[in-house]
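Work through the exercises below with the sequence and the model open. Try each task before reading its solution.

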Amino acid sequence: MPEGDALYRFAGRVHSALAGKVIRTARSHGPGPVPQVERLVGATCLGARSLGKNLVIEFDNGLSLRGHLRMYGTWHVYRPGQPWSRPEREARLVLEVDDAVVVNFSAPVIELLETRALPAHRPLAGLGPDLLAEEFDAAEALVRFRDPLRADLTIGDALMDQRVMAGVGNIWKHETLFRCRQYPWARVRDLSDEQLLQLIETARNLLLASVGRPNALGLQRRPEMYVYMRAGQPCRRCGTRLRSARQGVDIRYTTWCPTCQAPAAGSVSAAPPPHARHRQG
């Protein structure tokens, strides 16, 4: 699933293609609900932005589009007349201006909403602070981690909860936990505020680096992967063979270093399943 950094880059491309321009053609296709995007024809695009894993495009007629890519969706920008890299039947949304064609392929969620309703729209209203926002609120993210309902969550699951902070997916969960030397099955209740703030700031800085923005890690490009998709390979820090086990409601595999990310002494952290093994992911 594309994560916050991918949506940030998509939003930048869509914004560059559409902002300040009049929509000449708009059409949408199934599967799934088909929004009445023809209402956008003649409107001027005000811009596009990412909100966590969502992309929002606003127009001067009071309407906005929200897209969520889930696992397989993507955004493309073409010149008029340029061949598409995917077939028309996979297009969920097409927006045309004089000098560009924006196509969303395969996204399960494309919604047309009144712009004034965006702050109250359930998928957006419940999001935690956006990790790539200019004014990211780390203190608010910490408050959300400390919600009593999340006390028993493993930190690997809590990091991916978009209601805590928006933008972290499976890739940056892995890399944040590794850089903070945190065992993925530690319970949120067993971590100190200092440990949680370290995780919050590390996640933010990894995403900032991935989109080429200044960050406290001093990185100028997308960070190297230390554990993601490296199960069974030697740890790049200590040489220990990385392990992997199922974790979370969606039963994805989490990879970690048994040495660098060992459980804290005396903790009541949940152990990974006994079938933990060397598996990619």
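**Exercise 1. An aromatic cluster**

Which residues form one aromatic cluster with Tyr78?

Solution. The model is a predicted one. Tyr78, Trp84 and Phe105 form one aromatic cluster.

**Exercise 2. Aromatic pairs**

Count the aromatic pairs, then classify the pair of phenylalanine 178 and tyrosine 226.

Solution. Start with the rule: ring centres must lie within 6.5 Å. By this rule the count is five aromatic pairs. Next, take phenylalanine 178 and tyrosine 226: their ring centres are 5.2 Å apart and their planes are at 15°. Planes under 30 degrees apart count as stacked. The pair is therefore stacked.

Now place the two residues. Phenylalanine 178 lies in helix H5, and tyrosine 226 lies in the loop between H6 and strand S9 (243-247). The pair therefore ties together parts that are 48 residues apart in sequence.

Last, check burial. The cut-off for buried is under 20% relative accessible area. Phenylalanine 178 has 0%, so this residue is buried. Tyrosine 226 has a relative accessible area of 21%, so this residue is partly exposed.

**Exercise 3. A second pair**

Classify the pair of tyrosine 183 and tryptophan 185, and state the burial of both residues.

Solution. The ring centres of tyrosine 183 and tryptophan 185 are 5.9 Å apart. Their planes are at 50°, so the pair is tilted. Burial follows from the relative accessible area. Tyrosine 183 is at 6% and counts as buried. Tryptophan 185, at 4%, is buried.

**Exercise 4. The setting of H5**

Is H5 mostly covered or mostly uncovered?

Solution. Count first: nine of the 10 residues of H5 are buried, and the helix is mostly covered. Then list them. The buried residues are Asn170, Ile171, Trp172, Lys173, His174, Glu175, Thr176, Leu177 and Phe178. Finally, find what they pack against. Their partners are helix H1 (4-18), helix H4 (155-159), H6, S9 and strand S10 (252-256).

**Exercise 5. H5 against H6**

Describe how helix H5 (residues 170-179) packs with helix H6 (residues 193-210).

Solution. Take the geometry first. The two helices pack at an angle of about 125°, and their axes are 9 Å apart.

Now the residues. From H5 come Trp172, Glu175, Thr176, Leu177 and Arg179. They meet Leu199, Thr202, Ala203, Leu206, Leu207 and Ser210 in H6. By type, the residues of this contact are six nonpolar, three polar and two charged.

Follow one of these residues further. Serine 210, in helix H6, has a relative accessible area of 9% and is therefore buried. Leaving aside residues up to four places away in sequence, serine 210 touches Asp5, Arg9, Trp172, Arg222 and Pro223.

**Exercise 6. H3 against H6**

Repeat the analysis for helix H3 (residues 138-145) and H6.

Solution. H3 and H6 pack at an angle of about 125°, with axes 10 Å apart. H3 and H6 are therefore oblique to each other. H3 passes H6 in a right-handed crossing. On the H3 side, the contact is made by Ala138, Ala141, Leu142 and Phe145. On the H6 side are Asp193, Leu196, Leu197, Ile200 and Glu201. The contact of H3 with H6 divides into seven nonpolar residues, no polar and two charged.

**Exercise 7. Backbone details**

Where does the peptide bond that is cis lie, from glycine 30 to which proline?

Solution. The bond runs from glycine 30 to proline 31, with omega near 10°. Proline 31 sits in the loop between strand S1 (25-28) and strand S2 (45-51).

What phi do arginine 70 and arginine 181 take?

Solution. Arginine 70 has a positive phi of about 50°, although it is not a glycine. Arginine 70 is in the loop between strand S4 (63-68) and strand S5 (74-78). With a relative accessible area of 41%, arginine 70 is partly exposed. Arginine 181 also is not a glycine, and its positive phi is about 55°.

Methods:
Residues are numbered from 1 along each chain as its sequence is written. This is a predicted model: local features need pLDDT of at least 70, side-chain atom pairs count only at pLDDT 80 or more; totals for chains, interfaces and linings use all residues. Side-chain values use heavy atoms; hydrogens and water are left out. Axes are lines fitted to C-alpha atoms, for helices over the stretch in contact, and angles run from 0 to 180 degrees between N-to-C directions. Helices (H or I, at least four residues) and strands (E, at least two) are DSSP runs, numbered from the N terminus. Contact means heavy atoms within 4.5 Å. Ala, Val, Leu, Ile, Met, Phe, Trp, Tyr, Cys and Pro count as nonpolar, Asp, Glu, Lys and Arg as charged, and the others, Gly among them, as polar. Rings of Phe, Tyr and Trp (its six-membered ring) pair if their centres lie within 6.5 Å; planes under 30 degrees apart count as stacked, over 60 as edge-to-face and the rest as tilted. Buried means under 20% relative accessible area, exposed over 50%, partly exposed in between (1.4 Å probe, protein chains only). Angles under 35 degrees count as roughly parallel, over 145 as roughly antiparallel, 65 to 115 as roughly perpendicular and the rest as oblique. A crossing is left-handed if the near helix is turned anticlockwise from the far one by less than a right angle, and right-handed if clockwise.
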